[in-house]
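Trainee: I would like to go through the labels in this model and see what backs each one.

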Amino acid sequence: MADFVQTLVTSLSVGSLYALIALGYTMVYGILRFINFAHGDIVVLGAWTSFTFATLMRKHVLSGPEIPWWLGPVVLVASMIVCGGVGYLIERFAYRPLRTGKIPLLSRFLPARRVRPGSGINVLITAIGVSLLLQNVGQLKFVFGASPQRMPDLIPYYEVLKLTFAGDPPQSVVIGLVDVIILCASAVLMLVLEGVVFRTKLGTAMRAVSFNTETAALMGIPVDRVISATFVAGSMLAAAAGFLIAMKYPGLNQPAHTIWVLLGLKAFVAAVIGGIGNIRGAMLGGFIIAFVEQFGSYYVSSAYRDVYVFVLLILILLVKPNGILGKAVREKV
């Protein structure tokens, strides 16, 4: 029983992280109908930016060995702002020219041309190019470097709840402060996003653009601003996920490590399983793959923890190709 409860707690914690990352994939796809494969690298940027801010503040701002409680929220907000800005730049300089045919700074001198979003391989190549650019820039010495680092302990180790189950010997389940913060922060961010999308004018504009970009533009909706806001919101959620991942797993691999790539792929799988383009589906998919991964690793074999996720993806695509909460849509081709 203790093992089951401990695996359940871990699944909820990891599922929250997958859900946060999957939201970025599903928001962009929901509006532009293409996969932003650079989104996983924004998570890496969030983790390493958090490390950089935390290290610099401890070295140049704070005095004494103790870490104040407010440093974690400050680092989180700073990382979200940086990644939100990077998300805006990616949309502005990489994807928008493909969508509008206007190249920044050169549009006055070059004739405009129309490129339909998501209809060509050019968008896919651009996404892969942006991903490789972020990975390689992150490895430069004056950026993050190519050596692994350890995230400072911004959240002290503290046992919020300890359950002891009868047995020979008795077994204990510990719920740490980090897991509680991950669950609470993820829940708050997802609720905020849910409120923005379904209860604000910006969210209404996002949903209008997702149905039909041209009609939304004719109705006076600033499509470019809405799409930029979508990229910024998704990147800020990815930054929060990166910060929380660094808190739970302090050992940071170098920015181009395959473990980061696999993390992004799993979050993408979560979005597909839940129904890509559906915000609630992305949240559901994140928790589903976390449960399959964690329970499969514990009760079957940890050697196949990644296999379970992709086998589940194949099964879902065979049974329900649009995902659990997804709906069939007409592709914009």
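This is a predicted model: local features need pLDDT of at least 70, side-chain atom pairs count only at pLDDT 80 or more; totals for chains, interfaces and linings use all residues.

Trainee: How many aromatic pairs does the rule give?
Mentor: The count is ten aromatic pairs.

Trainee: What makes Phe 34 and Tyr 95 an aromatic pair, and why is the pair called tilted?
Mentor: Their centres are 4.9 Å apart, and the limit is 6.5 Å. The planes make an angle of 50°. Under 30 degrees would be stacked and over 60 edge-to-face, so the rest, this pair included, is tilted.

Trainee: Which parts does that pair tie together?
Mentor: Phe 34 is in the loop between helix H1 (2–32) and helix H2 (39–60), while Tyr 95 is in helix H3 (residues 71–100), so the pair joins parts 61 residues apart in sequence. Phe 34 and Tyr 95 are both buried.

Trainee: Why is the pair of Phe 291 and Phe 295 called stacked?
Mentor: The planes are 15° apart. The cut-off for stacked is under 30 degrees, so the label holds. The centre-to-centre distance is 5.9 Å, against a limit of 6.5 Å.

Trainee: Where do Phe 291 and Phe 295 sit?
Mentor: In helix H10 (residues 279–299). They are four residues apart, so about one helical turn separates them.

Trainee: Which residues do ring pairs link into a cluster?
Mentor: Phe 4, Phe 291, Phe 295, Tyr 298 and Tyr 299.

Trainee: What makes you say that the charged end of Arg 280 sits over the ring of Phe 198?
Mentor: The distance to the ring centre is 4.8 Å. The limit is 6 Å, with the charge also within 35 degrees of the ring normal. Arg 92 lies over the face of Phe 93 too, at 5.8 Å from the ring centre.

Trainee: Why is Ser 13 called buried?
Mentor: Ser 13 has a relative accessible area of 0%, and the cut-off is under 20%, so it is buried. Ser 13 belongs to helix H1.

Trainee: What joins the side chains of Ser 13 and Asp 179?
Mentor: A polar contact of 3.2 Å. The limit for such a contact is 3.5 Å. Residues that Ser 13 touches include Ile 182, Leu 183 and Lys 248.

Definitions and conventions:
Residues are numbered from 1 along each chain as its sequence is written. Side-chain values use heavy atoms; hydrogens and water are left out. Rings of Phe, Tyr and Trp (its six-membered ring) pair if their centres lie within 6.5 Å; planes under 30 degrees apart count as stacked, over 60 as edge-to-face and the rest as tilted. Helices (H or I, at least four residues) and strands (E, at least two) are DSSP runs, numbered from the N terminus. Buried means under 20% relative accessible area, exposed over 50%, partly exposed in between (1.4 Å probe, protein chains only). A polar contact is a pair of N or O atoms within 3.5 Å; within protein, one must be able to donate a hydrogen and the other to accept it, and residues adjacent in sequence count only if both atoms are side-chain atoms. Contact means heavy atoms within 4.5 Å. Lists of a residue's contacts leave out its neighbours within four places in sequence.
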